[in-house]
Amino acid sequence: MPGLTLGDVVPDLELHTTHGNIRLHDFVGDAYAIIFSHPADFTPVCTTELSEMASYAGEFERRGVKLLGFSCDDVESHKEWIKDIEAYKPGRRVGFPIVADPDRAAIRQLNMIDADEKDGGELPNRALHIVGPDKKVKLSFLFPASTGRNMAEVLRATDALLTAARHGVATPVNWTPGERVVIPPGVSDEEARARFPRGFDTAELPSNKCYLRFTQVD
Ligand code: BEZ
């Protein structure tokens with residue numbers, strides 16, 4: 001059976017976390033949520049990633065986006081590990097919950113398993129799913145244990161996703177907030193004139209096909 005992917009509803013798992021027990025759908029609620037996994041507690045790359053996520057937590061909160069970490073190992077281990085993470089770069093507080101998943105039941109259902117990483121059992125990869133208020137996966141990153149993620153890119157991708165959803169647009173390569181967005185192919189020029197009061201520019205291309213249209217949204 002193929003694993004969880006874009007457009008799938010995440011399973012409504014009961015999860016044990018450093019903030020107590022939660023149900024995944026209740027946790028997401030009416031918001032967007034980022035769920036992101038780590039191979040194990042007290043490992044170097046994971047420690048740097050969680051420290052960095054802690055430093056970005058305020059940015060996600062300002063956007064109404066919730067954070068939920070995952071690591072195999074139990075809650076007591078997570079709580080000890082958080083002391084290391086917070087000491088590594090003082091001033092960064094891990095204020096978001098981290099799920100304990102010692103039997104790997106949750107990460108298996110969330111398609112966060114790395115077949116190449118084993119410690120006697122299966123280990124999570126560095127998976128990251130952005131889940132929408134409809135509980136569907138909107139965006140996923142999948143990195144191996146050896147390669148730390150770029151949290152600035154996670155924030156940029158979140159902004160792109162939220163902008164696309166709010167305005168019915170798409171974002172071009174390397175887009176950052178404030179830059180021009182593109183009008184999706186399914187929108188006619190007539191509809192685009194009605195929907196985008198600031199107008200739009202169409203790139204002139206050798207094909208003479210008018211598919212690359214830029215507009216500005218707030
Ligand atoms: C790490 O977080 O550093 C790590 C964890 C598992 C395998 C390799 C690296």
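1. Helix α2 and helix α3 (residues 75-88) have axes that come within 9 Å and cross at roughly 70°. That makes α2 roughly perpendicular to α3; angles of 65 to 115 degrees count as roughly perpendicular, under 35 as roughly parallel, over 145 as roughly antiparallel and the rest as oblique. Axes here are lines fitted to C-alpha atoms, for helices over the stretch in contact, and angles run from 0 to 180 degrees between N-to-C directions. Helices (H or I, at least four residues) and strands (E, at least two) are DSSP runs, numbered from the N terminus.

2. The model is predicted: local features need pLDDT of at least 70, side-chain atom pairs count only at pLDDT 80 or more, and totals for chains, interfaces and linings use all residues. Residues are numbered from 1 along each chain as its sequence is written, and side-chain values use heavy atoms, with hydrogens and water left out.

3. The crossing of α2 with α3 is right-handed, the near helix being turned clockwise from the far one by less than a right angle, and anticlockwise in a left-handed crossing. On the α2 side, Cys46, Thr47, Thr48, Leu50 and Ser51 make the contact, and on the α3 side Trp81, Ile85 and Tyr88. Contact means heavy atoms within 4.5 Å. These residues of α2 and α3 divide into five nonpolar, three polar and no charged. Ala, Val, Leu, Ile, Met, Phe, Trp, Tyr, Cys and Pro count as nonpolar, Asp, Glu, Lys and Arg as charged, and the others, Gly among them, as polar.

4. Helix α2 (residues 44-62) also packs with helix α5 (residues 151-167), at an angle of about 30° and with the axes 9 Å apart. The two helices, α2 and α5, are therefore roughly parallel to each other. Glu49, Glu52, Met53, Tyr56, Glu59 and Phe60 of α2 meet Met151, Ala152, Val154, Leu155 and Thr158 of α5. By class, the contact of α2 with α5 has seven nonpolar, one polar and three charged residues.

5. An open sheet of seven strands has the order β2-β1-β5-β4-β3-β8-β9, with mixed pairing. Its edge strands are β2 (20-23) and β9 (137-143), each of which pairs on one side only. Two strands pair if DSSP finds at least two bridges between them. Strand β4 (residues 65-71) pairs with strand β5 (residues 98-100) in the parallel sense over three bridges, and Phe70 stands opposite Val99 in β5.

6. Both helices of point 4 touch this sheet. Helix α2 packs on β3 (32-38), β4, β5 and β8 (126-131), and its direction makes about 170° with that of β3. Helix α5 lies across β3, β4, β8 and β9, running at about 160° to β9.

7. An open sheet of three strands has the order β10-β12-β11, with antiparallel pairing. The strands β10 (181-182) and β11 (200-202) stand at the edges with a single partner strand each, so one side of each is left without a neighbour in the sheet. Two bridges join β10 to strand β12 (residues 213-215) in the antiparallel sense; Phe214 in β12 is the bridge partner of Val182.

8. The protein is divided into domain 1 (14-149) and domain 2 (168-218), with bounds that come from an automatic or database domain assignment. The centres of domain 1 and domain 2, taken over C-alpha atoms, are separated by 35 Å.
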